[in-house]
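Open the model in your viewer and keep the selection tool at hand. Each stop below names what to pick and what to look for.

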Amino acid sequence: CEADLGGGLRASNSNASFTNCTFENNTATRGGGLHLTQFTGEITDCTIESNEADSAGAGIWCHDSTFAMMCTTITMNTTADGPGGGFFCEQACPTITGCEFSDNTAGVDGGSASCKGGGIYCGQDSCPSITDTSIATNTAWMGGGLQSDWSSAMLSTCVVIANNGVH
């Protein structure tokens, strides 16, 4: 059964904390693993793996949220035809520290021009702060590792390596 929003979990207007959790093999239109709206909690030591989304944010989709994510692995998540294979944020300012984004794909079989940010997609009015994080071996139409559109993404001491923008 496919959920419209948040195949694994949907948190709205929430200050929840998730520690040592696994979100795996979930499917949704947006936010295959997690769908976060007005979320101010924490995600710590979690694994977000092999989730799918039809349109955006296969691993995590977040909007209008300011939260912390630490020591979390986001891997092998795929959007069918949209941005943010691993992570999608719009009008959100998450703090991401010590995480790994690997082998995520925005757009199955290449997708279309909307398939941006295989690892991370930072959309309109987002301001993520990404520190001590690895962004590796992700694939998208544009911005294989990370795509920043109308956002203020900040990266510090990150490793961005072996990603693929196919067009």
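**Before you start**

This is a predicted model: local features need pLDDT of at least 70, side-chain atom pairs count only at pLDDT 80 or more, and totals for chains, interfaces and linings use all residues. Residues are numbered from 1 along each chain as its sequence is written, and side-chain values use heavy atoms, with hydrogens and water left out.

**Stop 1: the core**

Select L36, I43, M69, F87 and F101. Of the 25 residues in the largest nonpolar core, these five touch the most other members. A nonpolar core here is a set of buried Ala, Val, Leu, Ile, Met, Phe, Trp, Tyr and Cys residues joined through side-chain atoms within 4.5 Å. Buried means under 20% relative accessible area, exposed over 50%, and partly exposed in between (1.4 Å probe, protein chains only).

Now colour the strands β2 (9-14), β6 (34-39), β10 (60-63), β14 (87-90) and β18 (120-122). Each gives two or more residues to this core. Strands (E, at least two residues) are DSSP runs, numbered from the N terminus. Which strand gives the largest share? It is β6, with three residues.

**Stop 2: M69**

Centre on M69. Leaving out residues up to four places away in sequence, M69 touches I43, I60, I74, F87, T95, I96, T97, C99 and F101. Contact means heavy atoms within 4.5 Å.

**Stop 3: I120**

Move to I120, in strand β18. Is I120 buried or exposed? It counts as buried because its relative accessibility is 0%. Beyond its neighbours within four places in sequence, I120 contacts F87, F101, I130, I135, G145, L146 and Q147.

**Stop 4: the disulfide**

Select C93 and C127. They form a disulfide, with their sulfur atoms 1.6 Å apart. C93 sits in the loop between β14 and β15 (95-97), and C127 in the loop between β18 and β19 (129-131), 34 residues apart. The S-S torsion is about 85 degrees, so the disulfide is right-handed. C93 is partly exposed at 24%, and C127 is partly exposed at 32%.

**Stop 5**

Finish with C62 and C89. C62 is buried at 0%. Its closest cysteine sulfur, in C89, lies 4.8 Å away, too far for a bond. C89 is also buried at 0%. The cysteine sulfur closest to that of C89 is in C122, at 4.3 Å, again too far for a bond.

Notes
Helix = DSSP H or I, 4+ residues; strand = E, 2+ residues; numbered from the N terminus. Disulfide = S-S within 2.5 Å.
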